Amino acid sequence: AQKLRFLDSVCTICRSITMDSTEWHKLFFCQLEVVETIEALLQEEPTDQLSSTVRQQAMLAITSMSRARLLLQEKKNSLLHACFCSVFHLPPQDTQDPSAFLYSGTLAAMDSMLQSLIRSAGTLGILELQNILQLLLSFTNSQLAVVQGRAIAQIARLAEFITTTYSLPQICPCFAQATVPEHECFKTHQFVMLGKLVGHLTLCCTCKDKRTCHNAAEALHHLHTFTMQLLSRWPELYNKQQLQLQEGSPAKQPHQPSKSNTAIKIFLKFIKYLQPTDWADIILIAIRSLKAPSAYSIKVAALMVDILVADSAFQPGQVLNIVWAIYGNLPSITAVVAQKSLGRALRVLTNKYPTEVVASLLHCSPTCNQVARTIWKMMFSEPRVARKVLQELLSMLMNQSLRKTSTSTKDNPRILSLAATRTINEILLHPTCLREVDAIFPQLFLALLFQVSFNTELTLQEVQIFWKEHQEDMLTPIRAAVNAMKVLLCIMGFERHVVAIEAQGGWDALLSTQTHLMGVRIVGREMMKTQRPLRYTLFCLLLELLSVEDPTWEMVAMVFFMEVLGSIDFSEDLAHALELFPMYLQSQCVGMPILVLRGILQLTERPIIARETLVLLPHVMEQLQGGDSDASAVALSVLSNMLRLMEVKACSPIALALADKLRPLFGDELNTVRQLSICLFQDTMGLVVGAEKKKMKKEVWDSVLPLLLHLHDEDESVAKASQEALCSAGRFLKWRPLAELTEIAQAWRTCERLLARNRSKAKDYLQQSQPYLQSPQESLRREAVRFI
């Protein structure tokens, strides 16, 4: 009795209050306490007739508070949920039971409350309706048949209410795939619940309980009527929609079980009224209903998936949700018809949205677990789809330049490339994809090789986070990539090459950062023992890749390219290869310039194609000023070969320009550079002719003192080269003291004669000798002091 008086008081106060009442602010502070009290009353177990009356009065109080705008929005959902629980979980009612009328009265009170909430929402009525329907849908998935049935019945009554009794204001027809001219659609005008309602109710039409099936069909009938009423407000749109329904009947569907004909026929009526977002919602609902045991017809759920996926236009996020739903529910889906339906859906989606599907599945399982392998197998049963999947995986392997360090797999190319490697490791064993793999073998081989290099850069944290599922078998990312390369070569018929690489330690070398490039060379050398078409394809692919600088793979690609270039017999394509070298001679990548120079050196030693390399001569000369002694040593050898290939007239100006660049190298810290630069300088003297000869004399005179000092070089080969160069300089300058210089002991007297010959250059000689005071060789420091 106290509870009833309390609820009656709440109703009385709410009916008397107005927005400008002085009591408003006082009541505001007690709203939360009142709401919590009503919620507690609704949650009490029913014991007698009076408790049913309390429940009905509580609903009336909720209605009154809503009309007075005293019902807190954030507490409304919890109140409604408590209300639905208190009614739907009542014991099943026998129509002959005396208490049956109490249940009917409670239902009537709830209907009145819900309708009042929708009416009192005004222009936001559509949002209020959808909020209520969303809460009711959660009860349609109940394991208790009586709860599910009552929830469906309530949805049917609400659908009838908006169809026959109450017209929702400002509803936009855009939810039914209709476009209103010059109309801006707002969220408050959209009926976004249509798809979820149609999906749930269609499945509920296949329930075992006849009353629930009837109520679900009744609800769908009212929703269809509601949709047609809405479209009829715009006659032009209504007529257009009807024409589409007549001309564009759904495509022929698979055989429909007679038991499910009614549900599917009703469902097909809504197809033209559903947006892609609705289709995605229904697919998610249907996929969850494929799990065994299911309260609905698995055949109908599977058919719904087939129908909606066949003509889809989804957004990337929707594709991701569908793939996640398949992945998450697949372990519980055992029915053959359901598995076949999901397989068809995956193939259709992959054919339309290959990038989204592949990325989504890699997100689901970066390490390719058993569920993921099953899904990949479903997709690979169709060659066209398998081809697209492999292309996407290949793209993700090559997408390393966009990678970023992260511990998450979502939208992270770094992790996705790892996942793609692990996946390829598994699917290469699938016999149905052999032809598709063969079509992209060269590209896939290079991508995996680059991936091995990328994996050597991973931090320990990344390895542990990404590969935690495989810590027991020690299948780390880099080992997975190397293993994938082995498997790929074997299935393509290159077992002999795999064994040869193993014998040379190539596979093990790839696993270490210190020996990785050596492993790449071994692999490249063996691949050059394959047939000409494959070698040519690899050459062209590397040429294309290297045409755009990418620090991710450029070093590995260039190392492999040099092995290809060393055995290449495609002289017609050599010019394209040579066009790459100037760019990479300027590369900031450590070791790249010297690698390219060694490749050029090999080419200059091949008589057939050596002359083609002369276009690179200016770029090689620039390497003499880079400060890298190792690179300078190779560049000097390249230049020496190139000068021998040139005609005298063309060679003369280059020899003059080269002489000026060689003198600073006489004092290089590397013995080889000193010797080669002096020998090459000697060669240049014999190559200049005509007008360049006079200019060359100045270069030679400026080089005499450094060469005299290097007669005392601790390296015998440098000292001997200096002596021979001085003799050549003497003959070139026609100065007998130099031409007749046969013993190092004569060097001191020659220095005196050099200074006496032109004392005006004493200052220049002083500057030339000063750097030698810092020489690491004692003999050179002593001779410099002696000369000064």
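A residue is called buried when its relative accessible area is under 20%, and exposed when that value is over 50%. The exercises below apply this definition and others to a predicted model.

**Exercise 1.** Determine whether F88 and F139 are buried or exposed.

*Solution.* 
Step 1. The relative accessible area of F88 is 0%, so F88 is buried.
Step 2. F139 has a relative accessibility of 6%, and therefore F139 also counts as buried.

**Exercise 2.** State how many aromatic pairs the whole structure holds, then classify the pair of F88 and F139 and locate its two members.

*Solution.* 
Step 1. In one of them, the ring centres of F88 and F139 are 5.4 Å apart and the ring planes stand at 75°.
Step 2. Two rings pair if their centres lie within 6.5 Å, and planes over 60 degrees apart count as edge-to-face. The pair of F88 and F139 is therefore edge-to-face.
Step 3. F88 belongs to helix α5 (residues 73-88) and F139 to helix α7 (residues 125-140), so the pair ties together parts that are 51 residues apart in sequence.

**Exercise 3.** Carry out the classification for F441 and F494, and describe the surroundings of this pair.

*Solution.* 
Step 1. The ring centres of F441 and F494 are 5.5 Å apart, with the planes at 20°.
Step 2. Planes under 30 degrees apart count as stacked, so the pair of F441 and F494 is stacked.
Step 3. F441 lies in helix α22 (residues 441-455), whereas F494 lies in the loop between α24 (477-491) and α25 (495-503); the pair thus ties together parts that are 53 residues apart in sequence.
Step 4. F441 is buried, with a relative accessible area of 5%, and F494, at 15%, counts as buried.
Step 5. F441 and F494 form one aromatic cluster together with F445 and F560.

**Exercise 4.** Identify which residues form a positive surface patch, and decide whether K694 is buried or exposed.

*Solution.* 
Step 1. The relative accessibility of K694 is 70%, so K694 counts as exposed.

**Exercise 5.** Describe the nonpolar surface patch that includes V785.

*Solution.* 
Step 1. L766, L773, V785 and I788 make up this patch, and together they have about 330 Å² of accessible area.
Step 2. V785 is found in helix α41 (residues 778-787).
Step 3. V785 has a relative accessibility of 53% and therefore counts as exposed.

Terms used: Residues numbered from 1 in each chain as written. Predicted model: local features only at pLDDT ≥ 70, side-chain atom pairs only at ≥ 80, totals over all residues. Heavy atoms only, no water. Buried < 20%, exposed > 50% of the residue type's maximum accessible area, 1.4 Å probe, protein only. Patch = residues over 30% accessible without salt bridge, like charges linked within 9 Å, V, L, I, M, F, W, Y side chains within 5 Å. Areas by Shrake-Rupley, 256 points an atom, 1.4 Å probe, with all protein chains shown as cover. Salt bridge = Lys/Arg side-chain N within 4 Å of Asp/Glu carboxyl O. Helix = DSSP H or I, 4+ residues; strand = E, 2+ residues; numbered from the N terminus. Phe/Tyr/Trp six-rings, centres within 6.5 Å; stacked < 30°, edge-to-face > 60°.
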